[in-house]
Amino acid sequence: MVAGFILTPAIGTHATIIISAILIVLFSLVWTENRKLVVAAPLIAIVAVPLYKMPPVNELMPRLYANTSDLFQHEDALSITHVIAKQDGQRLLLADLQRMDASSDPASVESQRNQARLPLLLHPNPRSVLFLGLGTGVSASSSLAYPEIQRTAVEISNGAIDAADRWFKPVNHNVLDRTIVIRDDARRFVKTDPGHYDVIVGDLFHPDFVGRSALLSRQQFQRVKERLSDQGIFVQWIALNQFEIQSLEIIFRTFQQVFPDAVIFVDAFRVALVGFNGALAKLEDIQRNLDSLSSDGKKLMLGGENKFSWLGRYWGKINVSKSGRIQDEWAPQIEFRLPAARYNGELDLAKLLNYMLQHRPHVSVAAKELNIDSSNYAAFERAYIATDLAHRSWLALLRNNSQEGQRLLKLAFQANPNDRWISYAVADATLANYEASQAEGVSEKSVLESVLKIRPDHAEALKRLWQLAEAEGNAEAAQLYKKRFAELSPLDALLR
């Protein structure tokens, strides 16, 4: 009890083990008849000094994080939290030295913000939002598009709360200053909290960790449902690469038991399970929601996309057999299945992606389920088909069919150039083909400018154009590129 709840939070795991070892030696010396051994006590203490502090992450995990430096470490009875910095200045949040929870790089920031964008977009008039999990705070930052919204976040890790407040402020827009942050277990909170919320967001987490799978249980989903307002929406995010098909179906089936009319959206490789009271907002409700925002709020909310790009990520109603195993707190399934699948090599993203594509409804069915009228059908159809082509492109690439993957990606871009992930993939491919273009006499500047035509917010292209402008002595252009780059990647080492 002393080690777990007093010493570990105060001085850390390593120091606690050292002190415990020294105490064991000292108590043992009391019983020994050879008093000469007493001199061993100070020698042990001296030897223990280099081990008193936990080694940095780059020494503990050299394969993954060899070229990083520790910025922050927090230990308590529940977890060990690290914030580390890569050589380029980007920061990573690590939990228990096992998995990366989040990153500050621009692509990761946008994917985190998308976790709140979807449910806020689908609600006709969100006035309160609850985040089950805080992480870096970036997910919650997209809710700043609604200045008057009541924002609450529940986070069990005090280390994550401190990290979000101290080390990720430049990318989470200081959202914690305008958020009620409650340190508590998400299950206990939704069970005991009397409040109701228009939007509840279940953050991404690693379901194969011990105890974490309970957040995907039937009981937890039922508790969350009871916290929703009359027109409330709950979105639970899961990552495809963390599952195999059987475990994924268990979660789908469990969610459907609590939310019979639940639907699915897919944002790249992240799946959103959407449950709701009442009905999903219609297209005119979504537009009215967006019209209520300021220009900056609308920009933050959409992230450079449009409403059809989001609706095009619709994946239909949950389509899984109702008979079968579910995730229950008293009879957990995935807590045992996922670690075994990970070590047996059963986590195959290509298989999961193929499974998801086989279960996606036809565009006409999707339009009917989303109440898309004839005047908006064409725009929705283009976005919907673009999403399908993009995922088929990524599936081809995962199967090492590069030529087919690139062909499908181009078609996806033609169908919907506003989609962030499609346009970024095209922009990245353009940048990667620079060496081939160079042989044809195309300058790097021309290639980078063509990348910006595809994605004006492409951070790497802006960074390199800034460097080129400085090298050419064009101070005005350099300052402009630097400013745009700093807005996208404020923690980059080059800015210092």
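**Burial and overall shape**

I began with burial: 52% of the 496 residues of the chain count as buried. I keep in mind that this is a predicted model.

Next I looked up the secondary structure and found 25 helices and 12 strands in the chain. The radius of gyration came out at 25 Å, close to the 23 Å that the globule rule gives for 496 residues, so the chain is as compact as a globular protein of that length. Along its principal axes, the C-alpha trace spans about 95 × 65 × 45 Å.

For the surface, I noted an accessible area of about 23500 Å², with 54% of it belonging to carbon and sulfur atoms. I also checked contacts between residues at least 6 apart in sequence: 68% of these join residues at least 24 apart.

**The open sheet**

In what order do the strands of the open sheet lie? I read S7-S6-S5-S8-S9-S11-S10-S12, which makes 8 strands with mixed pairing. At the edges I found strand S7 (180–183) and strand S12 (314–317), each pairing on one side only. Neighbouring strands of this sheet are turned by 20° against each other on average, direction ignored.

I then followed S12 to its partner. Strand S10 (residues 263–267) runs antiparallel to S12, and 2 bridges join them. One bridge I looked up pairs Val263 with Lys317 in S12.

**Helices on the sheet**

I picked out Asp70, whose bridge partner in S2 is Ile84.

Which residues of helix H23 (residues 444–454) are buried? I found Val447, Leu448, Val451 and Leu452. Seen down the axis of H23, these buried residues fall within an arc of 140°, so they line one face of the helix. I jotted the general rule beside this: an α-helix has 3.6 residues a turn, so residues three or four places apart point the same way.

Conventions
Residues are numbered from 1 along each chain as its sequence is written. This is a predicted model: local features need pLDDT of at least 70, side-chain atom pairs count only at pLDDT 80 or more; totals for chains, interfaces and linings use all residues. Side-chain values use heavy atoms; hydrogens and water are left out. Two strands pair if DSSP finds at least two bridges between them. Helices (H or I, at least four residues) and strands (E, at least two) are DSSP runs, numbered from the N terminus. Axes are lines fitted to C-alpha atoms, for helices over the stretch in contact, and angles run from 0 to 180 degrees between N-to-C directions. The radius of gyration is taken over C-alpha atoms; the globule rule is 2.2 Å times the number of residues to the power 0.38. Buried means under 20% relative accessible area, exposed over 50%, partly exposed in between (1.4 Å probe, protein chains only). Contact means heavy atoms within 4.5 Å. Accessible areas come from the Shrake-Rupley method with a 1.4 Å probe; for residues, only the protein chains shown count as cover. The arc is that of the directions from the helix axis to the C-beta atoms.
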